[in-house]
Amino acid sequence: MQTRRTATDMQTSLRGIAGRARRDKKARFRNLYGMLNEANLRWCFYKLNRKSAAGIDKVTFKEYEKDLETNLTDLVGRLKQKRYRARLVRRKYIPKPNGKSRPLGIPALEDKLLQMAVSKILVSIYEEDFLDCSWGYRPGRGPREASRHLADDLYRGWYGWVVEADIQGFFDRIDHEWMLRMLEERVADKALLRLIGKWLKAGVLEEDGKVLHPATGTPQGGIVSPVLANIYLHYVLDLWFDRIVQKECQGFIYMMRFADDFVCAFQYRWEAVRFMNALSKRLEKFNLETAREKTRLVQFSKFNEGKDDPFDFLGFEFRWVRRHSGKMGVRRRTSPERLRASVKAFKEWIKEFRNFKISTLMKALRRKFQGYWNYYGVRGNFRSLVQMYNQCRELLYKWLNRRSQRKSYTWAGLDAMLRSSAIPAPRIMEPYPRC
């Protein structure tokens, strides 16, 4: 009963904040720090990922839960007495499909807990402010749905040119001073702002043991980082595009942003070129810049059949094609680069784990394929799914037959095992629109 009342009270408070933010677009919120009490933190604690890696404190979810009430009382006491200190963020590097690595920050458990509570508060405020062009890290808005909306909007619009852009090292370059100034537009609680400032300034423990104290950025992987990133780009990019760029253009224009990746569509080339020049100056003001190798202008028009360049966004390639009906349409297929990277990653996986139990391998394989079909299983992309499946099937055949000196599987035997293990075949997971 206590947990249920806690959830109800917290959700009621968040709905009240969201309602006020919706009614009054200039409202500034006070007394938010007081919401970081035992009851609300208990509710947020059970929203954490129980299996997430431990931070520098080496405290896991289960260990903290054993004496949860005492731990929460102690934490709230330190918050009230202003004795709370953000711990170092443990940094881990995750391989990317292009061969590079992505830095991931892993905060200590109490930092995760407080960040969860603060992110809930900030989301309840800023979800009422964010524009429709913003898709990343928002409730009910995933990348597959974003790709479908982008394809539909490009199909219906009168656009001829697309600017494909990416911000260079965005999470490492967020300006702390600008970040806090932006938050002050809606948050008038100095204690909460100081708490966020502590996370922004928290040191980073590298894998080699070095401790860095970055003057900019927020660790990618922190629970509060996604909403802070969206707030930053809401002011830097979204509002600027909506209020300034839109008014200066004579033709139709459009933008979709997913985290720090975005595409903009223009009716006229000269307005697209002008936007690219203005974009560099706009980002520079906020300590940002575009990644040159990922930023380009492409012609993208239904009236220029066969002569357009495709562009990539969210792992999909977008291209105008003539459908079976004879009409032009925007097709999404797995980006060739992403497909090659996925096959390469699969090869490394099966090569390393080929000697595991077959039942264990098949269980992991089911998850891998199902996750891939869930993401890339969009209408018009079946051929790419089959290509992915066939290449991975060939790798399975090769490496499972290297488990011993004797050949273990024929092609028929491998296919029979895949069927008996309920390995999902390529399939379109995206529902068809209702008429």
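In this predicted model, helices α2 and α5 are roughly perpendicular to each other. Their packing angle is about 100°. Angles from 65 to 115 degrees fall in the perpendicular class, so the pair is assigned to that class. The two axes lie 9 Å apart. Helix α2 covers residues 38-45, and α5 covers residues 109-126.

Both helices supply side chains to this contact. From α2 come L41, W43, C44 and F45. From α5 come L109, L113, L114, M116, A117 and K120. Sorted by class, the contact of α2 with α5 holds 9 nonpolar residues and 1 charged residue. It has no polar residues.

Helix α5 also carries S119. The relative accessible area of S119 is 8%. The limit for a buried residue is under 20%, and S119 is therefore classed as buried. Leaving aside residues up to four places away in sequence, S119 touches I223, V224 and V227.

Helices α12 and α14 are roughly parallel to each other. They pack at an angle of about 20°. The parallel class takes angles under 35 degrees, which is why α12 and α14 are placed there. Their axes are 10 Å apart. The crossing of α12 past α14 is right-handed. Helix α12 runs over residues 336-353, while α14 spans residues 382-400.

On the α12 side, the contact is made by L339, S342, V343, F346, K347, I350 and K351. On the α14 side, the residues are S384, Q387, M388, Q391, C392, L395, L396, W399 and L400. By class, 10 residues in the contact of α12 with α14 are nonpolar, 4 are polar and 2 are charged.

Helix α12 also contains R338. How accessible is R338? Its relative accessibility is 33%. Buried residues lie under 20% and exposed ones over 50%, so R338 counts as partly exposed. The side chain of R338 makes a polar contact with the side chain of Y376, at 3.4 Å. R338 can also be placed relative to D152. In sequence, R338 and D152 are 186 residues apart. In space, their C-alpha atoms are 22 Å apart.

Key. Residues are numbered from 1 along each chain as its sequence is written. This is a predicted model: local features need pLDDT of at least 70, side-chain atom pairs count only at pLDDT 80 or more; totals for chains, interfaces and linings use all residues. Side-chain values use heavy atoms; hydrogens and water are left out. Helices (H or I, at least four residues) and strands (E, at least two) are DSSP runs, numbered from the N terminus. Buried means under 20% relative accessible area, exposed over 50%, partly exposed in between (1.4 Å probe, protein chains only). A polar contact is a pair of N or O atoms within 3.5 Å; within protein, one must be able to donate a hydrogen and the other to accept it, and residues adjacent in sequence count only if both atoms are side-chain atoms. Contact means heavy atoms within 4.5 Å. Axes are lines fitted to C-alpha atoms, for helices over the stretch in contact, and angles run from 0 to 180 degrees between N-to-C directions. Angles under 35 degrees count as roughly parallel, over 145 as roughly antiparallel, 65 to 115 as roughly perpendicular and the rest as oblique. A crossing is left-handed if the near helix is turned anticlockwise from the far one by less than a right angle, and right-handed if clockwise. Ala, Val, Leu, Ile, Met, Phe, Trp, Tyr, Cys and Pro count as nonpolar, Asp, Glu, Lys and Arg as charged, and the others, Gly among them, as polar.
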